[in-house]
Amino acid sequence: MAAEGDAGGMTGYIKHHLEHLTVSVGDSPFMTLNIDSIFFKLLLAGLFLFFFIRVARRATAGVPGKLQCAIEMMVEGVDGIVKDTFPAKTKFIAPLALTIFALVFLMNFMDMIPVDLLPATAHAAGIPYLRVVSTADLSTTVGMALCVFVLIQYYAIKHKGVGKFVGEFFTAPFHAHGVIGKIMVAPANLLLRLIEELVRPLSLSLRLFGNMYAGELIFILIACMTLGAGFASGITWVMAPLQWFAGFLWTVFHILVITLQAFIFMTLTIVYLSMAVQEH
């Protein structure tokens, strides 16, 4: 991989790191699977289940260990947010929110791994491309947002019924008296409601993708500061301390970003589901 990056210069190095390991399942470009994103999503989901189930089975009523204490704080925090936000009683929303937060955080946290470590290891094993941050892949964030979108419609129909659910598309947010008035405001209500529904998955997916893609790209650009320079080169001795300092500052800041993005995705999911069950 290093040779390929050097041969293409900085542009080739950046393009190489932003290339997915893909497999085509059809002639259409939309039928291409990003294998690396899928692999790391499944791997991190498995780690999430393993640690949470392990802690749950070994939980004690006495003094908890550090891992149990951290998970209990996370569970209680998410449960409190759901109780304060979601108006209906349900046993599904809190576990859903916790799962979203944990998985998004774990996928984001992969950006903390040195940018060349796993791609270089994969290249040595004969794998040409490897991107490890699944949330920097638009297909991942869009897929998660669409799942939330389907849940929003499901909970809205479940709590309101099909008739009231469809009726709200034509009667809110503008209200009118009389049959003629309701007919006149119905097109505007329908247009605004469709825009509102479409904005939700777009805001969820693009916000997370944009922040994580930018964070990954900045790490790559920091790595380019000493790209192609030998150990004895004067450029290395001048730029290496600056590269280390820039990487350290961005890592500290990015830890806040990845945590905040996971929290925002979880919170917006709860808020959207809460809005779906409320009657206009």
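With which side chain does the side chain of Asp116 make a polar contact at 2.8 Å? I looked this up in a predicted model, in which local features need pLDDT of at least 70, side-chain atom pairs count only at pLDDT 80 or more, and totals for chains, interfaces and linings use all residues. Residues are numbered from 1 along each chain as its sequence is written, and side-chain values use heavy atoms, with hydrogens and water left out.

**Entry: Asp116**

I found the partner to be the side chain of Tyr13. A polar contact is a pair of N or O atoms within 3.5 Å; within protein, one must be able to donate a hydrogen and the other to accept it, and residues adjacent in sequence count only if both atoms are side-chain atoms. I also noted a polar contact from the side chain of Asp116 to the side chain of His17, at 2.7 Å. Asp116 has a relative accessible area of 28% and is partly exposed (between buried, under 20%, and exposed, over 50%; 1.4 Å probe, protein chains only). I recorded a C-alpha to C-alpha distance of 46 Å between Asp116 and Ala156, which are 40 residues apart in sequence.

**Entry: α3 and α4**

I examined helix α3 (residues 66-85) and helix α4 (residues 93-109), which pack at about 125 degrees with axes 9 Å apart. Helices are DSSP runs (H or I) of at least four residues, numbered from the N terminus. Axes are lines fitted to C-alpha atoms over the stretch in contact, and angles run from 0 to 180 degrees between N-to-C directions.

Notes:
Helices (H or I, at least four residues) and strands (E, at least two) are DSSP runs, numbered from the N terminus.
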